[in-house]
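Work through the exercises below with the model open. Try each task before reading its solution.

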Amino acid sequence: MFPALETQLNQETHRLPDPYEDFMYRHLQYYGYFKAQRGSLSNSATYQHIQKNNPQYLLNGSLGEKDDLIPDTLQKEKLLYSHMLSSPRLRSRQLLYDELDEVNPRLREPRELFSILSTKRPLQAPRWPTECEVIKENIHHIEWAPPQLEYLYQPTGNEKVPEIVGEKKGTVVYQLDSVPTEGSYFTSSRVGGKRGIIKQLAVTLQGPEDNTLLFESRFESGNLQKAVRVDTYEYELTLRTDLYTNKHTQWFYFRVQNTRKDPTYRFTIVNLLKSKSLYTVGMKPLLYSQLDADTRNIGWRREGNEIKYYKNNTDDGQQPFYCLTWTIQFPYDQDTCFFAHFYPYTYTDLQCYLLSVANNPIQSQFCKLRTLCRSLAGNTVYLLTITNPSQTPQEAAAKKAVVLSARVHPGESNGSWVMKGFLDFILSNSPDARLLRDIFVFKVLPMLNPDGVIVGNYRCSLAGRDLNRHYKTILKESFPCIWYTRNMIKRLLEEREVLLYCDFHGHSRKNNIFLYGCNNNNHKYWLHERVFPLMLSKNAPDKFSFHSCNFKVQKCKEGTGRVVMWRMGILNSYTMESTFGGSTLGSKKGTHFTTEDLKSLGYHVCDTLLDLCDPDQTKFTQCLAELKELLRQKIHKKFNELGRDKDLEGSWSNISLSDIESSTSGSDSSLSDGLPVHLANIADETNFSRRDKDTRLDSSMVTLILPKNKERIQTNFNRRDKDTPLDPSMTTLILPKNKEKMQKQQPGFTVSCSPKRTINSSQEPAPGVKPNWPRSRYRATKRSCVAVAAYPSLHIYTYP
C-alpha cells in the first residue's frame, strides 16, 4: 500500500545526503509536512525513542528486521500506515491527534483557502481601483455612545441661506484630480490604489497664523471631491459621485485639520441630488474630534447649528442640485476632526470584528467563516454560517434557515451597526442565543458590496450600478456578489426551509426603523408576512414603526433582494430600513439614533424570531387578529376616501391588498438600473451602428461580444427610446431574425412605479399600549440584551 515508505524503512540509513532529497526535505518542511530537522535520520536517538514506544514496535520489533514475521498483508499495511502517522518526519500539520498522541487522527478543517484573515498575518488590505489615490495613514475611530440623548435640531425659520459663489469668487483649497466618472468603467485594482507618489492636495500653510482648513478624504469610505474657501471661516464643499457614474451624492465623510476653537465655521455642501432629506426635520451631521477621543474617550457626536437644506440657486440646464449648510465651533485649536453623514463602518472595521471572532475558540464551535466570492476589485465577500452542532443528521436536516445581509448600498452604514448588534447577540452565551442556534441555521452576509464601501460610494458597486436592482442578473462577472448570494440561497432552499430573509438598509427621508415586505397572495397564509414586523414593533416600540411598513410589490422593485427571494419561495422576505435620523416614537421621540440604538435592533430581531417560532401560538394568533382589524379599518378608510360604500361584514378579506396600499418611498430605481457601464457602452456602439438612426424597433435583441474573450452576453432591452437603460435582469436575447418572445416573469401581482397620492399604509397600534405577552420561553430563561465583550476560532473556507 505504501511501497515508497516501506522501501525507505528497509534500506540502510547511513548514507551520503542526496542533493535532491535535501532540497525536498527543505521544501516539504517549509509547507509543514515534516516536523523533523533536516538531516535527522531514522536511527537517530529521537527516532528510536519514538519508535520503541510505539505499540506496534513492542509487538513486532523493528519493521526493518521482522517485517517478514507479519503474514497478513492488510495487517502490514495498517502497521505501515500507523508508522507513517507517528513518524516525526512524515507527520502532517493537516492531521489532529488526541491528548495521548495515539494514532487516531482527524483531518484538520482547511484554513485560509482564499482570505488572509489570520491571527499570524496582517488583515487583508483593501483593494482600490487603480485610478484612486489613497493616503497611507490608518484612520481609526473609537466606538462610543453619548451618555445623554442627542435631540434633533429645531429649525427656527431664520436660518441663513448662503449664496453659492463657487471657484470664481473663492479659492480652491482641496480638489481630487483623477476621479473616474460617467463614461469610464472599472478595469483593474490593487492594494493602495494608484501607483506613484501621493500628491499633496491641501494648500500649503504660509505660517502659524494661517488659519486655512486642511481637507482630506482619500481614505477608506471617504468622500469629498472639492473644497472652496469663500470667506475666512466659510467653505463650499462638493461631494464625489459614485465611481463611474454622475449620480448619488449623499454620503460624505472627510477630515479637516488646522482648526481654531473660537470662530464659528460654516460648511455648505452644494451638489446633493435628493429633493427631500431628513436634514429638513432636524437631523444633524456627525463630528469626531481626535483630541477628544485621545484625552476624554469621546467619539462621534451630533453637532451643528443653523442647519438648512435647500435648492441650489445655480441653474446650468442640468439636473437640479440641493444644498446642505450648517455652522459649527470646533472644540480645540489645532485639532484633527472628521465630519460624516452617518457613523462610518468600513471594510477594515468588519475584518477587525471578524478577526476578534476568529480568535475565540468557543465561538468557532458554532460559527464558520467562509469566502462567498470575490468582488470586482478582488475584495472578499464573507459568509458566516452560525448554528450549534446537531446530535443526529435528522436533527440537522430539520433546522430551518435564516438569511441576513447588509451593505448592498455602501453608504448605508446603518445596516452594519444593526448587523453588528445581531452578531454580538447570536454569538453570545445567552440562553436565548443558544436556543436560536439550536433551532436555526443562520447564513449571514455582513457586507455585500465591499468595493463600494471602500471607495466611499453611496449606492453603487464598481460596475456603476445599484446591486439591489440586479438580483435576477445572469452577469456573474459583472455582479459577482449578488449572483453568488442568490445562488447560495437557491441551494439553501433545496436542502431546507428558509423561514426569513432580511436585508439591512438605511433610509434618508423617513425617521424610525421599519420593514418593506411582500403581500402574500396565498389565502392560506393571508397576512402572515405582516406578523414578524408587528411583533418587532411590540418588542421595540420606541424605535420600530409598524405604521411605516409597506408590503406593496412594485414593478420597479422586481430586481431587489426582498422581491426576488420572495418569488423564490421565502414568505417572510424583508428589507429593513433604518433611518439616518432618529425616532418619533415613545421615550426616544425627537432624538437621534446612536450606534447602540441600532445594535439593539439586532438583538430585537433575535427576540422576535423566538416569538415568531414559539410553540405556543398565542402571540401569533393575537397578532393575526390585530392585523385583520387594522386592515378592516384601512379598507373602510380607503372606501370613504373614494366615496364608495362597502359591506365590510362580507368577504372583505378577498380585496387585493395592493389596491389599498401606497407605494414605497424608496429611491428611483431607474437611476442605476441597466447593464454594467462597460457593457452598456459596447451595446450602444455595436447596435446603433447597425441600424439607421431613424429606425425604431419594438423589441429587438442583439448579441454583445466582449473584445477579449468573445463571451456572448444575452440581454433584453427596449429600443423604443435611445436613452432607455438596458435591463440585465432579463435572461434571453431576441435576435433580429428570431422573433422569440421575452421570458415571462414569475407570476405575482405587480404594480407600476408611477407616483400616486400617498395614503397611510397601516395604522399604528394604540400609543402607550404594551402587549400583555407572557415572557416565558421554552427551553430558555428570561431574556436580556447582554453586552458581549469582543474576543481577541473561525476557519475560512471557500463556498463551493
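Two strands pair if DSSP finds at least two bridges between them. Helices (H or I, at least four residues) and strands (E, at least two) are DSSP runs, numbered from the N terminus. The model is predicted: local features need pLDDT of at least 70, side-chain atom pairs count only at pLDDT 80 or more, and totals for chains, interfaces and linings use all residues. Residues are numbered from 1 along each chain as its sequence is written, and side-chain values use heavy atoms, with hydrogens and water left out.

**Exercise 1. Describe helix H13 and its cover.**

Step 1. Compare spans. H13 (residues 480-495) has 16 residues and reaches 23 Å from first C-alpha to last, close to the expected 22 Å. The expected span is 1.5 Å times one less than the number of residues.

Step 2. List buried positions. They are Pro480, Cys481, Ile482, Thr485, Arg486, Met488, Ile489 and Leu492.

Step 3. Find the cover. It includes strands E16 (367-374), E17 (380-386), E18 (400-406), E19 (440-445) and E20 (498-507), along with helix H15 (561-567).

**Exercise 2. Trace the sheet that contains E13.**

Step 1. Read the order. This open sheet of 6 strands runs E4-E7-E8-E10-E14-E13, with mixed pairing.

Step 2. E4 (171-175) and E13 (305-311) each pair on one side only.

Step 3. Inspect one pair. E13 and E14 (residues 322-328) run antiparallel, joined by 5 bridges. Asparagine 305 has threonine 327 in E14 as its bridge partner.

**Exercise 3. Is phenylalanine 252 buried or exposed?**

Step 1. Locate phenylalanine 252: the loop between E8 (234-238) and E9 (253-257).

Step 2. Read its relative accessible area. At 1%, phenylalanine 252 is buried.

Step 3. Collect contacts (heavy atoms within 4.5 Å). Beyond neighbours within four places in sequence, phenylalanine 252 touches residues including Leu239, Tyr279, Leu324 and Phe339.

How values were computed. Buried means under 20% relative accessible area, exposed over 50%, partly exposed in between (1.4 Å probe, protein chains only).
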